[in-house]
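Subject: Structure handover

Hello,

Here is the structure I promised to pass on. Please open it and keep it beside this email as you read.

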Amino acid sequence: MNTRRAVGGVVGLAILLGVAYVARPWLQWLVYGLYTTPIAWVFVPVGLVAVAYFGVSFESREANRPLGIALGLVVVAVIVLTSVGGLYAQTTLADRTMAGATPTQELSPADADHPRVVTRNVSDNYAANTLQLSRYRVSNPDVTFRNGTPYWSYALSPDGVRNHFALKQDGTVLVNMSAQNAKVETVRGELDAGIGTAWYNNYRWSVLKQGQYLVDYGDPFMVPHRNESYIAVPYTKPSFHVRALPVPLPYTVPEWGGVALVAPDGSVTDLSPAEARSNPVLRGQKLVPFDLTRERVTATKYRNGILNTLPVVGSHTDEIEVAAMPGGGNEQPYLVPTADGTKYVVAVEPFGNAQGLREVWEIDGRTGEASVYRSPSGESLFGPRKAADYVRQASRTTDWNRFSPAEPLPVAVDDRLYWMVKVVPEGGSGISYVAFVNAESSNVQETAPTAAVEEFLRGNRSAAQSVHDGGPNASTSGPRNATSAGGNVSLVVEKRAPNGSVVATMAVYENESVSIEPARNDTTAVG
């Protein structure tokens with residue numbers, strides 16, 4: 001009888017392990033969570049042994065009271081030590097980031113040929129409004145590059161419950177990020193493992209089956225290559241550390257592990273960072289995970305230790321926080337084309353109510369190398385939230401109930417720091433104009449067409465379509481840097497396609513007028 005039970009137990013365990021192996025992609029979050037929490041390796045087995053021992057040895061509730069107390073202490077210990085380990089992980093990450101960062105007083109010059117103009121919410125509208133496929137939707141927005149030009153990329157995913165299970169992803173939708181008006185391309189072609197599909201057709205199922213298992217996969221993004229669509233998935237892996245306390249405390253710190261590249265046929269290639277940089281499909285693409293970049297910069301708040309950041313007892317010396325960005329439906333870091341390559345850019349403010357600019361971090365999108373910009377001694381620079389306020393104050397004609405400044409982006413022009421602010425209609429139907437705010441003087445200069453934005457970034461401000469130099473301290477009487485077009489912009493005319501997308505804009509200056517007349521249909525020649 002005992003033999004039968006033993007055999008049955010072994011068979012049942014084998015079946016359970018087999019099912020767990022087949023379904024391992026669904027269990028990865030749990031396995032990885034335990035794997036990256038070393039303290040659980042000790043306490044969880046101890047708790048299970050305690051339950052088994054006391055459960056078998058005693059039957060009365062009174063006798064099992066020690067079990068309840070022991071398990072309660074185990075749970076409290078795991079929670080406390082895990083929290084402490086998390087703080088130590090942040091300080092270790094902060095020390096690594098600060099030690100590896102190159103201090104600089106110069107930001108990478110802006111790439112004037114490929115400016116980042118279109119905000120996330122505007123791109124979402126452009127992509128959805130131009131889609132003509134009833135069974136598909138755009139999903140998973142991210143940034144990709146094509147021939148050096150930045151695009152917002154979207155997966156062309158099945159739409160609706162039936163299609164979700166019946167169809168595969170059918171390509172990529174690309175929205176030109178450097179074009180102020182809607183420029184949308186679609187790369188068609190089914191992917192055997194895609195985004196937004198049922199689990200058996202999903203990229204994550206394939207990645208966890210064919211790629212590494214004990215890693216943390218980040219957000220996937222589409223990569224068009226030779227009229228086909230690939231999916232790139234950067235990932236992090238844990239590095240293990242031990243901090244000496246009264247008892248040793250183990251913990252893990254994330255680091256960039258590589259990139260999983262999913263081909264149209266569903267095959268997965270696991271690439272180390274060096275292999276990803278040399279892969280022809282990923283040429284020019286960002287490779288470093290977005291979340292890791294933000295976490296690295298955020299962790300630098302602990303540069304002076306944990307105690308410095310605590311409420312009440314902490315002095316908050318040199319403590320920073322990632323600046324909140326108004327509008328645009330997007331958060332930092334921003335991926336920006338520069339003359340020195342693709343960079344993640346993160347603007348940080350001092351901790352608390354201060355809104356001045358403390359630092360600008362630049363993280364190379366392909367190598368992860370970091371540099372940190374600090375203003376020269378004696379210079380006071382304001383941050384992105386104040387830049388948005390200056391744009392509102394400088395424009396006397398914009399109806400700010402219907403428009404909002406969005407996505408202030410730090411850019412370097414002629415060795416000066418500017419905030420590049422997009423002014424977007426409510427609902428994100430397009431980009432009305434772009435304002436450049438001098439981060440030191442608060443002067444505001446507005447540009448309307450994309451060509452004017454490019455000229456400003458080249459340092460040719462007189463050729464850019466300037467509106468005015470303003471700011472709260474500027475004089476409001478007399479001309480303010482009027483161009484040959486004449487004075488301040490009083491109106492922006494938007495030409496829209498039937499689907500609502502903005503296809504052209506025109507700035508009308510204060511000494512100009514606009515007339516709208518019906519088109520003449522006659523073909524009579526005028527001699």
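**Ground rules**

This is a predicted model, so local features need pLDDT of at least 70, side-chain atom pairs count only at pLDDT 80 or more, and totals for chains, interfaces and linings use all residues. Residues are numbered from 1 along each chain as its sequence is written, and side-chain values use heavy atoms, with hydrogens and water left out.

Helices (H or I, at least four residues) and strands (E, at least two) are DSSP runs, numbered from the N terminus.

**The largest pocket**

A word on terms first. The search uses a 1 Å grid over the protein atoms alone. A pocket is an open set of points with protein on both sides within 12 Å along at least five of seven lines. A cavity is a set of points where a 1.4 Å probe fits but cannot get out. Lining residues have an atom within 4 Å of a point. Grid points are joined across faces, edges and corners, and a volume is the space filled by probe spheres set on the points.

The largest pocket has a volume of about 400 Å³. Its lining counts 26 residues. Nearest its centre lie Tyr32, Thr36, Thr252, Pro254 and Glu295.

Which element gives the largest share of the lining of the largest pocket? Helix H4 does, with 6 residues. H4 spans 65–100. Other elements that supply at least two lining residues include helix H3 (38–57), strand S8 (228–243) and strand S9 (249–262).

By class, this lining has 14 nonpolar, 9 polar and 3 charged residues. Here Ala, Val, Leu, Ile, Met, Phe, Trp, Tyr, Cys and Pro count as nonpolar, Asp, Glu, Lys and Arg as charged, and the others, Gly among them, as polar.

**The cavities**

The whole structure holds 4 cavities of 30 Å³ or more. The largest cavity has about 80 Å³ of space. Strand S12 (334–338), strand S14 (359–364) and S16 each supply at least two residues of its lining. Among the lining residues are Leu107, Val336, Val360 and Pro410. The lining divides into 9 nonpolar, 2 polar and 1 charged.

The second largest cavity has a volume of about 70 Å³. Its lining includes Asp142, Asp219, Lys286 and Asp291. By class, that lining has 4 nonpolar, 1 polar and 4 charged residues.

**Two sheets**

Two strands pair if DSSP finds at least two bridges between them. Contact means heavy atoms within 4.5 Å.

S2 and strand S3 (residues 149–158) are joined by 9 bridges. Arg146 stands opposite Thr149 in S3.

Another open sheet has 4 antiparallel strands in the order S16-S17-S18-S19. Its edge strands are S16 (403–413) and S19 (444–447). Strand S18 (residues 433–438) pairs with S19 over 4 bridges. Across from Phe436 stands Gln445 in S19.

Buried means under 20% relative accessible area, exposed over 50%, and partly exposed in between (1.4 Å probe, protein chains only). The contacts below leave out residues up to four places away in sequence.

- Tyr230 sits in strand S8. Why does Tyr230 count as buried? Because its relative accessible area is 13%. Tyr230 touches residues including Phe221, His225, Leu261 and Val281.
- Lys237 is also found in strand S8. Lys237 is partly exposed, at 34%. Among its contacts are Val215, Val253 and Trp256.
- Ser371 lies in strand S15 (residues 370–373). Ser371 is buried, with a relative accessible area of 16%. Ser371 is in contact with Thr102, Thr104, Val360, Trp361 and Glu362.

Best wishes
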